[in-house]
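Okay, thanks everyone, let me get this up on the screen. I'd like to walk you through one model and stop at a few spots along the way.

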Amino acid sequence: MARYTGPLTKKSRRLGVDLVGGDAAFERRPYPPGQHGRGRVKESEYRSQLQEKQKARYTYGVLERQFRKYYEEAHRRPGKTGDNLLQILECRLDNVVYRAGFARTRRHARQLVVHGHFTVNGHKVDIPSFQVSQYDIIDVRAKSLEMTPFIVARETFNADSVPAWLTAVPEKGRVLVHQPPVREQIVVPITEQLIVEYYSKI
């Protein structure tokens, strides 16, 4: 299963946004990495569009080929392509596990999913890119509930951090999907219109 496994702090500093979550190194040095990191950068429309696309890719942990497929799917759906794209990314199973507060980061959530700790509607799912749908019920498998990550998740659970389109029940290890998220419910530092403009040119 292909994924980016390199240092995310470098990507955070390159793109100017914390992709990790609470990254002290990014906060300490908020300029691009490398010996020319503090030099002047020539801004251009293409650079802004490419940077926004890369920001979305690394935020959700998606490689270019799959991200392009997501864009094409979003373009086929009715409505705004940018909104559809973010909705598809948010509905990935690993992202839902992260949004529900069962993992520290999306990378951590991906690992938990790959290791087979979750079921969707009673069926084991170990594919991070699995698309959840309205009324899906995601459960931590019974034999996994007492593992350290889920004990920590219960002890540190913050209901205010769970978006309105989900309900998390940490005591039962359960997540309920009420509906696909609308744009106002997706809080990410991404300007999706720039991504649409980027792909419309290639």
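Predicted model: local features only at pLDDT ≥ 70, side-chain atom pairs only at ≥ 80, totals over all residues.

Now look at the two faces of β5. In a regular strand, side chains alternate between the two faces of the sheet. Here, in residues 174-177, Val175 and Val177 make up the covered face, while Arg174 and Leu176 sit on the uncovered one.

A glycine doing that is one thing, but what about other residues? Most residues other than glycine have a negative phi. Asn121 has a positive one, near 55 degrees, and you'll find Asn121 in the loop between β1 and β2. Tyr135 has a positive phi too, near 75 degrees, and belongs to the loop between β2 and β3. Buried or exposed, that tyrosine? Tyr135 counts as exposed, because its relative accessibility is 63%. Asn121, at 42%, counts as partly exposed.

Okay, over to the helices. The chain has nine helices and five strands in total. The pair I'd like you to look at is α3, residues 45-60, and α9, residues 192-200. Their axes come within 8 Å and cross at roughly 110 degrees, so α3 is roughly perpendicular to α9. The crossing is left-handed. On the α3 side the contact residues include Tyr46, Leu50 and Ala56, and on the α9 side they include Leu194, Ile195 and Tyr198.

Last, a few whole-chain numbers. Of the 202 residues, 44% count as buried. The accessible surface comes to about 11,300 Å², and 51% of that belongs to carbon and sulfur atoms. And among contacts between residues at least 6 apart in sequence, 54% join residues at least 24 apart.

That's my tour. Over to you.

How values were computed. Residues numbered from 1 in each chain as written. Heavy atoms only, no water. Buried < 20%, exposed > 50% of the residue type's maximum accessible area, 1.4 Å probe, protein only. Helix = DSSP H or I, 4+ residues; strand = E, 2+ residues; numbered from the N terminus. Contact = heavy atoms within 4.5 Å. Areas by Shrake-Rupley, 256 points an atom, 1.4 Å probe, with all protein chains shown as cover. Axes fitted to C-alpha atoms, helices over the stretch in contact; angles between N-to-C directions. Parallel < 35°, antiparallel > 145°, perpendicular 65-115°, else oblique. Left-handed = near helix turned anticlockwise from the far one by under 90°.
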